[in-house]
Every structure is written in C-alpha cells, then in structure tokens.
Amino acid sequence: MTPSLTSRLTITGALLATLALPAALSAQYQLPTLTSAARADSLHLAAAALVTAHRWGDAARLHRRSAELRDPEDPLGFRCLKEAAELEYASGDRSSARTDMAAAAGHALARGDLRGAALAYLDAAWIAQEQNNPRKVWELGHRAEMLADSPLLGAKDRAAILDRITRTPGAVQLAVSK
C-alpha cells in the first residue's frame, strides 16, 4: 500500500513544524532576559536610595540581587557586587564582604578586565587577612598573582597589582589599596 499525497503532506508539515520549534523557543527565551535586566536596574536604583538612607545591609542585599540578575559580562554587575562588598564591610559583615568581592572578581574576569579582577581578588584577600584566614589569603592572593603574570596586562597595571602584595618568609601580606 502506498502512502497518499495527503499523508505525505501531513508528515512533511509535521517535520517542518518540529524543525521550526527550537527557533520559536529561542525567540521566546529572550523576553525573560530583558525583564531581568530591567528588574536588575530597578534594584540597583533602589539600593542607591537605601545607601542615602544609611540602610547599608539592605542596600548590599539589593546590590547583590541586582548583580545576580545580570549577565556576567555586564559591567554594572561588577560594580553592584563591589558596592555590596563595601557596604557589608562598613556594616561589619566581613564574610559576606569577602564573598561578594571575590564574586565581583569573577564578573570582571568574564568581561576580560584582568586588572579589575586581580584588584578585587586582592581586596577579598585583604578581608580574609583581617579575619585571620591564611588559607583564603593565599588562595585569593595567588589568583591575583596569576592574573598579574598575564601578557595581556601592561606594566602599569601589573605594578598596581604586585605593589599590593608583600612577600615575607612563610607568609603573604597584603597592603591596603591606595
């Protein structure tokens, strides 16, 4: 028994519809990304308002949430995480400040900002040093040192990174950012 023209057309139509489905799904996926960016911007603005009201903990939480909604390549994500870390540090929450500063370094790396990433790692290592956590100091400081060795950095950027690291026998000390 041979298939009729109608059944051939039905099979061909179903096959074409199936092939077009991924394109339709990807077009629908773009809307949440736009919505997330708009929401991230509104959270960033709300966090700035909370800073002026001296509600640093709440502002840090909103900055962190704003960064979570952004793509890693978005420079405002780095800024939000860095500001969150600074606010948490000012309010005495050193662990969250260290974590957010290291996350800011990750955002900088995603954008290819090696200098910004290395300096953020050093800030996180400095906080770990205040917390008497030598393992974290070494880990975060070593990441910064590895970035400083990159041939993609100029001499001035490399010097800005390495000037903050003091090597003493058996320990690594970090200088406060200038």
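Is Asp58 buried, partly exposed or exposed? Asp58 is partly exposed, with a relative accessible area of 27%. Buried here means under 20% relative accessible area, exposed means over 50%, and partly exposed lies in between (1.4 Å probe, protein chains only).

The model is predicted: local features need pLDDT of at least 70, side-chain atom pairs count only at pLDDT 80 or more, and totals for chains, interfaces and linings use all residues. Residues are numbered from 1 along each chain as its sequence is written, and side-chain values use heavy atoms, with hydrogens and water left out.

The protein chain has seven helices and two strands. Helices (H or I, at least four residues) and strands (E, at least two) are DSSP runs, numbered from the N terminus. Their order along the sequence is α-α-α-α-α-α-α-β-β. Of the 178 residues in the chain, 31% are buried. The accessible surface is about 10,700 Å², and carbon and sulfur atoms hold 62% of that surface. These areas come from the Shrake-Rupley method with a 1.4 Å probe; for residues, only the protein chains shown count as cover.

The largest nonpolar core has 26 residues. Such a core is a set of buried Ala, Val, Leu, Ile, Met, Phe, Trp, Tyr and Cys residues joined through side-chain atoms within 4.5 Å. Helices 3 (75–90), 4 (94–111), 5 (114–130) and 6 (134–148) each give two or more residues to this core. Helix 5 gives the largest share, nine residues. Leu147 is among the residues with the most contacts inside the core. Beyond its neighbours within four places in sequence, Leu147 is in contact (heavy atoms within 4.5 Å) with Leu109, Leu114, Ala117, Ala118, Tyr121 and Leu153. Another core, of 10 residues, lies apart and includes Ala40, Leu43, Ala60 and Leu62.

The structure holds 15 salt bridges. A salt bridge is a side-chain nitrogen of Lys or Arg within 4 Å of a carboxyl oxygen of Asp or Glu. One joins Asp58 and Arg61 (4.0 Å, N to O). These two residues are three apart in helix 2 (residues 56–68), so about one helical turn separates them. Arg61 is partly exposed, at 46% relative accessible area.

In helix 3, Arg79 and Glu83 are four residues apart, about one helical turn. Their closest N and O atoms are 3.0 Å apart in a salt bridge. Arg79 is partly exposed at 44%, and Glu83 is partly exposed at 22%.

Helix 6 holds Arg135 and Glu139. Their side chains meet in a salt bridge (3.7 Å, N to O). Arg135 is exposed, at 57%, whereas Glu139 is partly exposed, at 21%. Salt bridges with shared partners join Arg135, Lys136, Glu139 and Arg143 into one network.
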